[in-house]
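Please read it alongside the sequence and the structure shown here.

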Amino acid sequence: MTRTTTTLIFCLALFACGDAEIDERTQVDAILHNGKVITIDADLSIASAVAINGTDIVAVGGEELLESYKSSNTVDLGGKVLMPGFIDSHTHLRGRPQRFIDLTRTRSIEEIKAQVTSKAIELGPGEWITGYGWSEDVMAELRRPLRNDLDEAAPDNPVLLTRAGGHSAVANSMALRLAEVTLTTPQPENGVIERGEDGELNGVIRERQDIVSRLIPEPTNEDVRDSLIGVLQEQLSLGITSFTHATGSIESYPEWETIYGLHRGTLPRATIQVFWEGPDAMTAFGKKTGDGDEHLRVGPIKIFVDGGFTGPAAFTKEPYKGETDYRGTLSLTLEELTTTISEAHAAGWQFGIHAIGDAAIELTIDELAAALDELPREDHRHYLNHFTVMPSAESMDKMAAYGIAITQQPNFTYTLDGRYSAYLDGDRLKHNNPLRTPMNHGIHVAISSDILPIGPMVGIYAAVTRKGMSGTVFGEEESLTVMEALRGYTLYGAWLSFEEDRKGSIEPGKLADMIVLDQDILTIDPDHIMDINVEQTWLGGKLVYER
Ligand SMILES: [Zn+2]
């Protein structure tokens, strides 16, 4: 055989003959290039191209990546920002039954009344009407909806509407009557049945709306499944590729398994917090923190130590602004807290604990530290679900020493501006939901939404500007850079679920969970951060949302 023949046969085998050089580039499933890739790697470096194969990122770099990789799915990002998908490490995602009204976008009491009236017509008399998301801070009337308003809107239906944040609700007369709540009803433990200036019940119940809501028929899983799947898909449009649902239970976990079994790979990755139900029930459940897979896993144990400022019932060291002795209240007894922490810690669970007031936070830190003294555990990653009223410096040092982390909601500073100004003062108002101070103490601070509202751009805006809804700036020294806020909403969230080796940054070997933004979040005037939209969401290497 001549030398020419050999070359020809070799060429035919590769389909790469003639003048062209042999293409040695590695074939991959997708390449995204010509972008501004915010990697969130250890150097917080910027790249321009990413190669994806299967579910994973295989290479990150500059345009030279195109010399090493080829793909029939090559996307030119046109200079736009590509960043890791957001990880909302504290949220509450639920499906809604037919009786439910979404009030999160309602801006007046007149509008609430119209929504309630039309729901009453839709359901017919006697049926319960529920709703969530009103806030007096955005009402045109500058006040809360009250019993009389709901009586006018739906006299023949029991109505219970929960405030944004979930720590108070307003009921109409029929709902109060069915629940047997009257002027002579004693105040419930850990809550308040409010009276108006006229001495009558105004319908508002703080922290203990369960005394009414217990009468509302429970929807079945099937009643709300499609609605929940819709809510989960909505997260992808906000750029959220992973979340921690903070109010799951061992009873509801099988429903999550059903949903994730039906829609594998097309829903954001879920971590489900559950409540502690005693050693026997938890052993029978048979799973604990971390069990599951990259789509759905069991998260930490949830404990409510106090309430919140929407009640208000956050447990503070000093009385609320202008009060002589009201300091909020604990949601459980000290004995219950100690028992739950020691039992669940001994059983190997992680914690994600709700504590909002400084007194609740310091108590929780002391309890966690005591459990860790008694039974040390490497890499426990226990964390607080909130951190609104900054505790003492000693407490923060203790958190750092014991490795107790935080998932913080900077968006509270924006959304709850009115609440904080009403109930807090001095340094506790200025440093509400602090970011920089706990970080300076060496505490791991991730960022999440707690659905007030869900969109991550609100949290990033508030973390960077420290501005409330009114425009007031609270403690500028607590602000973060945009890059730090992005890291809090991505990589640091992944760490809380022990997944920082698999997600939270754009690096080889990690899941290709990424989003494309329509404006450059690193250079935009921070006042316009909330105008930024997510254009594309990639989940495990697949394009799952396009605007
Ligand atoms: Zn929450």
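A nonpolar core is taken here as a set of buried Ala, Val, Leu, Ile, Met, Phe, Trp, Tyr and Cys residues joined through C-beta atoms within 7 Å. The model is a predicted one, and its largest nonpolar core has 143 residues.

**Nonpolar core**
- The residues with the most contacts inside this largest core are Val-50, Val-159, Ala-171, Val-305, Ala-360 and Ile-460.
- Domain 1 (100-213) and domain 2 (305-480) each supply at least three residues to this core.
- Once its neighbours within four places in sequence are left aside, Ala-360 is in contact with Val-305, Asp-306, Ala-314, Phe-315, Leu-330 and Ala-355.

**Domains and their contact**
- The chain is divided into domain 1, residues 100-213, and domain 2, residues 305-480, and the C-alpha centres of the two lie 28 Å apart.
- Their contact takes 10 residues from domain 1 and 11 residues from domain 2.
- On the side of domain 1 that touches domain 2, the residues comprise 1 nonpolar, 5 polar and 4 charged.

**Helix 3**
- Helix 3 (residues 109-123) has 15 residues and, at 1.5 Å a residue, should span 21 Å, which agrees with the 21 Å between its end C-alpha atoms.
- Ile-109, Ile-112, Val-116 and Lys-119 of helix 3 are buried, and because they cover an arc of only 85° around the axis, they lie on the same side of the helix.
- The buried residues of helix 3 are covered by elements including strand 11 (100-102), strand 12 (129-134), helix 4 (147-153) and strand 13 (159-163), whereas Ile-121 and Glu-122, on the other side of helix 3, are exposed.
- Gly-124, which follows helix 3, has a positive phi near 90°.

Methods. Residues numbered from 1 in each chain as written. Predicted model: local features only at pLDDT ≥ 70, side-chain atom pairs only at ≥ 80, totals over all residues. Domains from an automatic or database assignment. Contact = placed C-beta atoms within 7 Å. Nonpolar A, V, L, I, M, F, W, Y, C, P; charged D, E, K, R; others polar. Buried ≥ 20, exposed ≤ 12 C-beta atoms within 10 Å, placed from the backbone. Helix = DSSP H or I, 4+ residues; strand = E, 2+ residues; numbered from the N terminus. Expected span 1.5 Å × (residues − 1). Arc of directions from axis to C-beta.
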